[in-house]
Amino acid sequence: MSRRDFSLQPFSPIGSPLTLKITGHIIRRPRQLVIHYDLRGDLAEVMIPAPAALPARRTGLWKETCCEFFLGVKDAPEYWEFNLSPAGHWNVYRFAGYRQGMAAEAALTSLPLSVRRGSDSLEISLELDVERIVSADQPLIAGIAAVIKLTGGELTYWALTHPGPAADFHRRDSFVVEL
């Protein structure tokens, strides 16, 4: 088992100082991947989608407040993008290489998200049977990120690292967690 705690940083510059903190952890077990996001602060600053009566696979979740993570097989070009909405909606895309060959990952037909809301907190967790997309012995690398939509409509981009001149979660050099 490997566990990594994380704290996401906003892409600079963001317009106004925020009181938000995004932390969490990611765990890899032989057959399972667990990720937990914890957003704390003045959530009145954030547009958080209402809980969905029937959470489903949806496109374009990154246009709203959304937690994301990227998994790649170490030393291989393919990777997956996971989108987790506070509404309970989700999506997983498979890429053949950097922003190439994007397709919905057919091996995953549902994601068991857990969303908990408080007055100053939002927690999103996922337990994934990772062997549905990779074998247990394959070493993985991960990039962890979030898109936060502010009440004024501005999108802010958060990640473990921002290695380029623009916020780009797909950059392989931002996949800094080894699992």
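Okay, quick definition before we start: Ala, Val, Leu, Ile, Met, Phe, Trp, Tyr, Cys and Pro count as nonpolar, Asp, Glu, Lys and Arg as charged, and the others, Gly among them, as polar. This is a predicted model, where local features need pLDDT of at least 70, side-chain atom pairs count only at pLDDT 80 or more, and totals for chains, interfaces and linings use all residues. Residues are numbered from 1 along each chain as its sequence is written, and side-chain values use heavy atoms, with hydrogens and water left out.

So, the largest pocket. A pocket here is an open set of points on a 1 Å grid over the protein atoms alone, with protein on both sides within 12 Å along at least five of seven lines, and lining residues have an atom within 4 Å of a point. Its volume, the space filled by probe spheres (1.4 Å) set on the points, is about 240 Å³. Seven of the lining residues are nonpolar, one is polar and four are charged. Among them are Trp62, Phe95, Tyr157 and Phe169.

Now, rings. Rings of Phe, Tyr and Trp (its six-membered ring) pair if their centres lie within 6.5 Å, and planes under 30 degrees apart count as stacked. The structure has nine aromatic pairs. Take Phe69 and Phe82: their centres sit 4.3 Å apart with planes at 5°, so they're stacked. Both are buried, meaning under 20% relative accessible area with a 1.4 Å probe, protein chains only. Tyr79 and Phe95 are stacked too, because their ring centres are 4.8 Å apart and their planes at 5°. Both Tyr79 and Phe95 are buried. And Phe95 turns up again in one aromatic cluster, with Phe70, Tyr79, Tyr157, Phe169 and Phe175.

Methods. Rings of Phe, Tyr and Trp (its six-membered ring) pair if their centres lie within 6.5 Å; planes under 30 degrees apart count as stacked, over 60 as edge-to-face and the rest as tilted. Buried means under 20% relative accessible area, exposed over 50%, partly exposed in between (1.4 Å probe, protein chains only).
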